[in-house]
Amino acid sequence: MQGEYQDDYGSLRRGKKRKAYSAGALLGNEELSPRPQAAAVQQRSNPASVPSRYSGEGLSPSKRRRVSTRGQCADLTFCEIILMEMESHEHSWPFLEPVNPRLVPGYRKIIKNPMDFATMRARLLRGGYTSCEEFAADAALVFDNCRTFNEDESEVGKAGLAMRQFFESRWEEFYQGKHETSP
């Protein structure tokens with residue numbers, strides 16, 4: 001079985017595809033398998049059930065924090081905390097992933113520098129931010145893009161306003177705490 005094939009996440013792979021381990025397959029009894037075959041096939045065929053590689057989905061908040069902020073200064077650790085809080089906010093749904101230009105025609109003509117929380121997380125994970133101000137500028141870009149493209153009374157416009165207020169209040173708390181602890 002040499003050649004190209006797709007793995008469980010839809011990525012193209014080369015080489016020999018190996019059979020997945022199954023307790024039922026080894027024992028010759030499918031009922032002993034820890035996961036039914038139909039469910040496995042259904043999960044592989046549904047890309048929405050596979051968590052995004054960059055968003056940190058599937059990890060607990062403490063694990064996400066431990067994994068992603070090693071070696072970063074305390075300020076960037078706070079940026080990681082704010083980003084986690086923004087991602088879990090009830091109004092964050094329009095900003096979790098990049099806007100798909102096929103689903104939103106005209107977006108790229110109006111918005112020249114798109115930004116979203118997944119892109120911010122990826123940049124944070126790879127050490128792309130050298131200061132909190134860069135992080136705050138990207139967060140502001142998310143909300144500025146939202147205001148530019150969407151009507152204020154639309155669902156996305158309202159979500160953008162709520163998220164901007166949430167971010168600005170948390171950012172203010174950060175700077176108040178920072179100035180109280182430093183001489």
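User: Where in the chain is E90 found?

Analyst: E90 lies in the loop between α4 and α5 (107-110). Keep in mind that the model we are looking at is predicted.

User: Why is E90 called exposed?

Analyst: The relative accessible area of E90 is 67%. Another thing to look for is A162: it is 72 residues from E90 in sequence, while their C-alpha atoms are 9.5 Å apart in space.

User: What makes W93 partly exposed?

Analyst: W93 also has its place in the loop between α4 and α5. Its relative accessible area is 47%. Buried needs a value under 20%, exposed needs one over 50%, and partly exposed covers what is in between, so W93 at 47% is partly exposed.

User: Which residues is W93 in contact with, leaving aside its neighbours within four places in sequence?

Analyst: Those are E155 and V156. Contact here means heavy atoms within 4.5 Å. As a separate landmark, the C-alpha atoms of W93 and F117 are separated by 10.0 Å, and the two residues are 24 apart along the chain.

User: How is the chain built up, read along the sequence?

Analyst: The pattern is β-β-α-α-α-α-α-α-α-α. In total there are eight helices and two strands.

User: What makes α4 roughly antiparallel to α6?

Analyst: The axes of α4 (residues 74-87) and α6 (residues 117-125) cross at roughly 155° and come within 11 Å. Angles over 145 degrees count as roughly antiparallel, so the pair α4 and α6 is given that name. Their crossing is left-handed.

User: Which residues make the contact of α4 and α6?

Analyst: From α4 come L76, C79, E80, L83, M84, M86 and E87, and from α6 come F117, M120, R121 and L124. Sorted by class, the residues of this contact are eight nonpolar, no polar and three charged.

User: Why are α4 and α7 called roughly parallel?

Analyst: Their axes cross at roughly 20° and come within 9 Å. The cut-off for roughly parallel is under 35 degrees, and therefore α4 and α7 are described as roughly parallel to each other. In this contact, D75, L76, C79, I82, L83 and M86 of α4 meet C132, F135 and F143 of α7. The classes come to eight nonpolar, no polar and one charged.

User: What makes E134 partly exposed?

Analyst: E134 is in helix α7, and its relative accessibility is 26%. Since under 20% would be buried and over 50% exposed, the value of 26% makes E134 partly exposed. E134 touches R123, G128 and Y129, not counting residues up to four places away in sequence.

User: Which residues of the largest nonpolar core touch the most other members?

Analyst: This core has 25 residues, and M86, F117, M120, F135, F143, F167 and W171 touch the most other members. At least two residues come from each of α4, α6, α7 (132-149) and α8 (155-181). The biggest giver is α7, with seven residues.

User: What does M120 touch, not counting residues up to four places away in sequence?

Analyst: M120 touches L83, M115, Y129, F135, D138, A139 and V142.

User: How many of the 183 residues count as buried?

Analyst: The share is 31%, where buried means a relative accessible area under 20%. As for contacts between residues at least 6 apart in sequence, 55% join residues at least 24 apart.

Methods: Residues are numbered from 1 along each chain as its sequence is written. This is a predicted model: local features need pLDDT of at least 70, side-chain atom pairs count only at pLDDT 80 or more; totals for chains, interfaces and linings use all residues. Side-chain values use heavy atoms; hydrogens and water are left out. Axes are lines fitted to C-alpha atoms, for helices over the stretch in contact, and angles run from 0 to 180 degrees between N-to-C directions. Helices (H or I, at least four residues) and strands (E, at least two) are DSSP runs, numbered from the N terminus. Angles under 35 degrees count as roughly parallel, over 145 as roughly antiparallel, 65 to 115 as roughly perpendicular and the rest as oblique. A crossing is left-handed if the near helix is turned anticlockwise from the far one by less than a right angle, and right-handed if clockwise. Ala, Val, Leu, Ile, Met, Phe, Trp, Tyr, Cys and Pro count as nonpolar, Asp, Glu, Lys and Arg as charged, and the others, Gly among them, as polar. A nonpolar core is a set of buried Ala, Val, Leu, Ile, Met, Phe, Trp, Tyr and Cys residues joined through side-chain atoms within 4.5 Å. Buried means under 20% relative accessible area, exposed over 50%, partly exposed in between (1.4 Å probe, protein chains only).
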